[in-house]
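Please consult the sequence and the structure below while reading.

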Protein chains: 2
Amino acid sequence: MKTITMADVAKHAGVSKSTVSQFLNKRYDYMGAETKGKIEKAIEELGYSPNIVARSLKQKSTKTIGVIVANILHVFSTQVIRAIEDYCNESDFQIIVCNADDDPVKEKRYIDMLRAKQVDGIIAFPTGGNVELYKKLIDAKFPVVFMDRILKDVQIPTIMTDNVKASSLAVGQLVERGYRKIGMISPPIHTCVTPRLERMDGYKQALEKNGIPLNPNLLVSGELTELADKIHNMLTQASPPEAIVASNDRVLLEVLAYTKKHHLAIPKDIALIGIDDVSFAGIYTPSLTTIAQPAFQMGKKAAELLLSLIRDKSNEEVFGIYRFEPTLITRESC
Amino acid sequence: MKTITMADVAKHAGVSKSTVSQFLNKRYDYMGAETKGKIEKAIEELGYSPNIVARSLKQKSTKTIGVIVANILHVFSTQVIRAIEDYCNESDFQIIVCNADDDPVKEKRYIDMLRAKQVDGIIAFPTGGNVELYKKLIDAKFPVVFMDRILKDVQIPTIMTDNVKASSLAVGQLVERGYRKIGMISPPIHTCVTPRLERMDGYKQALEKNGIPLNPNLLVSGELTELADKIHNMLTQASPPEAIVASNDRVLLEVLAYTKKHHLAIPKDIALIGIDDVSFAGIYTPSLTTIAQPAFQMGKKAAELLLSLIRDKSNEEVFGIYRFEPTLITRESC
DNA sequence: CTGAAAGCGCTTACAG
DNA sequence: CTGAAAGCGCTTACAG
């Protein structure tokens, strides 16, 4: 199976390679109708399809972007990827997906690999462990957009949920329902995972705004595996919370596992609101009140920004943090 | 920012491009230690990283594969992709993800694009609408592996859940629990979506094996949007089922929405088992008995087969259908 | 042990 | 309106 190239088409059509190339790139300006016809026919007959790798080498653009997520298994990442893919597809870009697993070493390997493959840009959920590398990328005017994590002192457009708002929506809803003793459960608070931090901050601010003093005993964070114990301690203390904000979907699952195991009625024994609108929120009993992140809009925006940066690498206007509003979905759990 | 090339490294190290290339490809056989040192130093000093596009053009291998799924939002697809990515990562392959949305036109566009980009192979959840195209690919010895769908008369290795077994596991469990009037609810039955067909067949076979006559009134299939009505009709007929097999996760969600809305107790009013182990199966009340598909193993196998096909394109031994055993996870819903 | 040369399949000024 | 030529950044026989 000899692969057929532009040279073959040119010979078959009786024109030069240049002319075929012009044709393929739709530079018809001065092309004779007859020439066009001959080339079309030759392409058809030979079943020619251009080699984009060769074009990429010459044009120094691969029409491909890299997307580095922490883990494609997370629903939020999946939705973001889907939105990016849809947007890119319209512009004839492809995406290479990488799972960095929150490991800076893997992240660096992927970045190097993507650059070696000459991708035109990268959208990343940065781990926080490669600040210097990202700085080099900006120095080289390599287009990058961040998603869901803020890195200090790095001039890169960043797409974020308004996490403070998310918490404030959650606390606000609980307060409105008459709860005052409101706990929060979060994954481990590392400085690099911005949403966790911001949601915690937002929780504190919202309490204050509602005139509720912060009670450290109602605040729990820890690895998923140790959360069950910590939840138990929190709920069995002298003055337990009447309501809980679950900081994300995985925490919510832990809380639900706990309430099920201990036969706690929601919202009678403990009211509940979760950040992330999980798939089963509507069919759970009771149905779960949640805060939804606009993942699709966020993914689309990330793709938009990246492609605009790819088109104009020195467009500094795009820098900054883009906040997307979460929404409250009221159901029965609080 | 001039990008630095192999020629720059060669000049800087005082050797030829060929020698640098040998070095990069670890063909150290006859290379002097001194030469090696000079090149290493030059690469280091210049911060050189090879252009893989150029290499790909010459070597006719991009170390990239395409993965065409119906929809990355489906949990099963996500898990398969994750497994593929993990496996490819070990072999220094990258994956380009495409969503064909069960649309043959989109599927064809993606296949053409991936080939133009010179990917080394494709893993696809085929729509069934591009049989001729796939046949051409095999004729051209282009490596392809199918996932989750069987296309007749196409010589392509195909990874499948043993769907008949999945249904038989489900029906078996219900029978063991004492149910005889067992219904099944399925998405629309199109011939091209193999799992639906096979699960339906498996259901029928399992009934027969258990000496239960098939009752067409206990068999429902339809679009997700019309399922609520159809479920209603099924459950309010003269002789309704005592137990239901939900053919996949999305159907299960519909059933659950229905039972919640109509305050049906599970399993008292209606017992339930779902194919696909949904994330909330354990924390639902009652917890849900499910049949799990080994998505990760399946994804890994697909990647294995594809890479082996890429290494040896005429390896016909790999053709055939690979069946993976689903497992019963017993919980409380039946 | 290392280098000169050709070539992968395109694109792009430039000449005519 | 079309073609010859150079070049993108590598790899790979081959010669020495």
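Which residue in E7(A) is the bridge partner of A:Met184? In this predicted model, the partner is A:Leu219. Strands E6 (residues 182-186) and E7 of chain A pair in the parallel sense, over three bridges.

**The sheet.** Strands of a sheet pair through backbone hydrogen bonds, in either a parallel or an antiparallel manner. In chain A, six strands form an open sheet with mixed pairing, in the order E7-E6-E8-E9-E10-E12. Strand E7 (219-221) and strand E12 (327-329) of chain A each have a single partner strand, so one side of each lacks a neighbour in the sheet. From one strand to the next, the twist averages 20°.

**Helices on the sheet.** Two helices that pack on the sheet are listed below.

| Helix of chain A | Strands touched | Angle between directions |
|---|---|---|
| H9(A) | E6, E7 and E9 (271-275) | about 175° with E6(A) |
| H11 (residues 249-261) | E6, E8 (243-246) and E9 | about 155° with E9(A) |

**A residue of helix H9.** A:Glu198 lies in helix H9 (residues 194-209) of chain A. Is this residue buried or exposed? A:Glu198 counts as buried, because its relative accessibility is 12%, and buried means under 20%. Its side chain makes a polar contact of 2.8 Å with the side chain of A:Arg323. Leaving aside residues up to four places away in sequence, A:Glu198 touches residues including A:Ile150, A:Met160 and A:Val164.

**Domains.** Chain A is divided into domain 1 (6-50), domain 2 (63-161 + 296-325) and domain 3 (163-292). The centres of domain 1 and domain 2 of chain A, taken over C-alpha atoms, are separated by 38 Å.

Conventions. Residues are numbered from 1 along each chain as its sequence is written. Chains are lettered from A and ligands numbered from 1 in the order in which they are written. This is a predicted model: local features need pLDDT of at least 70, side-chain atom pairs count only at pLDDT 80 or more; totals for chains, interfaces and linings use all residues. Side-chain values use heavy atoms; hydrogens and water are left out. Helices (H or I, at least four residues) and strands (E, at least two) are DSSP runs, numbered from the N terminus. Buried means under 20% relative accessible area, exposed over 50%, partly exposed in between (1.4 Å probe, protein chains only). A polar contact is a pair of N or O atoms within 3.5 Å; within protein, one must be able to donate a hydrogen and the other to accept it, and residues adjacent in sequence count only if both atoms are side-chain atoms. Contact means heavy atoms within 4.5 Å. Domain bounds come from an automatic or database domain assignment. Two strands pair if DSSP finds at least two bridges between them. Axes are lines fitted to C-alpha atoms, for helices over the stretch in contact, and angles run from 0 to 180 degrees between N-to-C directions.
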